[in-house]
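Keep the sequence and the model in view as you read.

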Amino acid sequence: MDFKEISLEEAGLSNKIAEEFLLELEKSGAGMDSVLFLRNGDLCFEKYWEPYNKNKNHRMYSVGKSFTAIAIGLLVGDKKLRLEDKVCDYFPDKMPEKVHPFISAMQVRHLLTMSTAHKSTTYKKYQGDWVESFFHVEPDYAPGTIFSYDTSATHVLCALVGRLAGKDMFQFLRERVLDEIGFTSREWLRDDAGVIRGGDGLYCTSRDLAAVAQLCMDGGIYHGKQLIPADYLKDMLRVQVSTAHKEAYDEQFGYGYQVWGNRGGGFSFFGLGGQLAVCFLDKKFILITTTNMAEERAKDIKYIYESFYNVVYPNL
């Protein structure tokens with residue numbers, strides 16, 4: 001996406017606000033790699049820390065989950081899939097000899113909203129095929145009961161896209177959406193079976209991430225072309241399940257289809273340790289961040305949120 005670059009003043013902000021935000025981040029010790037502001041679809045602030053720049057890919061971790069949800073939406077729009085479909089029906093080759101009723105009851109919708117039968121990622125408890133693990137690991141409760149973050153659910157959705165599209169999910173997304181908006185990255189991790197790791201394996205630039213976030217802000221329309229089905233996208237970006245029981249405050253604002261709600265009533269793509277696209281529809285504003293905090297400092301993402309909501313958000 002070829003962003004028009006404007007000044008902070010043209011966006012209704014100021015250099016002083018951006019400087020104060022960066023100072024707060026520095027004080028907190030948040031290890032930033034990039035910060036971008038977009039207002040009304042224009043790029044009004046862009047800052048990188050070595051070794052990153054606007055052309056260098058960054059691992060985005062669970063931000064890729066939101067991309068996976070977009071791919072599912074394309075299949076729904078093509079009428080190749082319904083959210084009420086039972087996931088087991090698409091993977092007869094991955095089923096155990098006896099399927100637990102909680103497993104057989106899982107719908108595509110349950111996987112999108114992280115309300116599956118599992119309380120945690122199944123392939124971390126299973127020796128072998130990651131997709132197979134989802135159907136073989138003993139379930140914890142009936143699907144639709146509670147939100148519980150489960151990266152294996154996203155991985156199965158990614159494999160499902162591959163089966164129905166006849167090509168891997170990233171290629172499918174590139175052909176239908178990403179190439180259209182000028183997405184530059186061609187890098188995504190795979191599991192040992194060759195399935196794209198839709199839940200945690202995306203690499204792209206900060207501008208690539210901004211382009212996809214802006215496309216969603218614009219209702220899936222780019223240059224007058226509806227790239228993502230409008231009705232599906234609307235549901236994807238609104239809260240579908242409660243996350244009020246989550247420990248972290250900024251994870252308590254609900255969950256849509258592989259996206260988080262946020263304090264401003266908008267939506268967020270969220271990757272481990274502070275890879276973020278925080279989007280506010282009413283403010284027409286997007287915050288993009290990438291960091292080097294990763295797993296050992298994952299909880300320190302709170303410093304990014306607090307710095308932003310204390311300094312920038314009141315001035316939007």
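**Reading the fold**

Q: What share of the contacts with a separation of 6 or more joins residues 24 or more positions apart?
A: A contact means heavy atoms within 4.5 Å. In the protein, residues 24 or more positions apart account for 65% of the contacts with a separation of 6 or more.

Q: What kind of model is this?
A: This is a predicted model, where local features need pLDDT of at least 70, side-chain atom pairs count only at pLDDT 80 or more, and totals for chains, interfaces and linings use all residues. Residues are numbered from 1 along each chain as its sequence is written, and side-chain values use heavy atoms, leaving out hydrogens and water.

Q: How many helices and strands are there?
A: Helices (H or I, at least four residues) and strands (E, at least two) are DSSP runs, numbered from the N terminus. The protein has 10 helices and 11 strands.

Q: How do I read a sheet, and which strands stand at the edges?
A: Two strands pair if DSSP finds at least two bridges between them. Here six strands form an open sheet, in the order β2-β1-β11-β10-β9-β8, with antiparallel pairing. β2 (42–48) and β8 (260–261) stand at the edges. Each has a single partner strand, so one side of each lacks a neighbour in the sheet. Further in, β9 (residues 267–271) and β10 (residues 275–280) pair over five bridges. Phe270 has Leu276 in β10 as its bridge partner.

Q: What span should helix α2 have?
A: The expected span is 1.5 Å times one less than the number of residues. Helix α2 (residues 63–77) has 15 residues and should span 21 Å. Its end C-alpha atoms are 22 Å apart, which agrees. Just after α2, Lys79 takes a positive phi of about 65°.

Q: How many residues of α2 are buried?
A: Buried means under 20% relative accessible area, exposed over 50%, and partly exposed in between (1.4 Å probe, protein chains only). In α2, 13 of the 15 residues are buried, so the helix is largely enclosed by the rest of the structure. Across the protein, buried residues make up 57% of the 316 residues.

Q: How many disulfides does the structure hold?
A: A disulfide is a pair of cysteine sulfur atoms within 2.5 Å. The structure holds zero. For Cys44, the nearest cysteine sulfur is that of Cys279, 13 Å away. For Cys279, the nearest is that of Cys216, 7.5 Å away.

Q: Is Cys44 buried or exposed?
A: Cys44 is buried, with a relative accessible area of 6%. Cys279 is also buried, at 0%.
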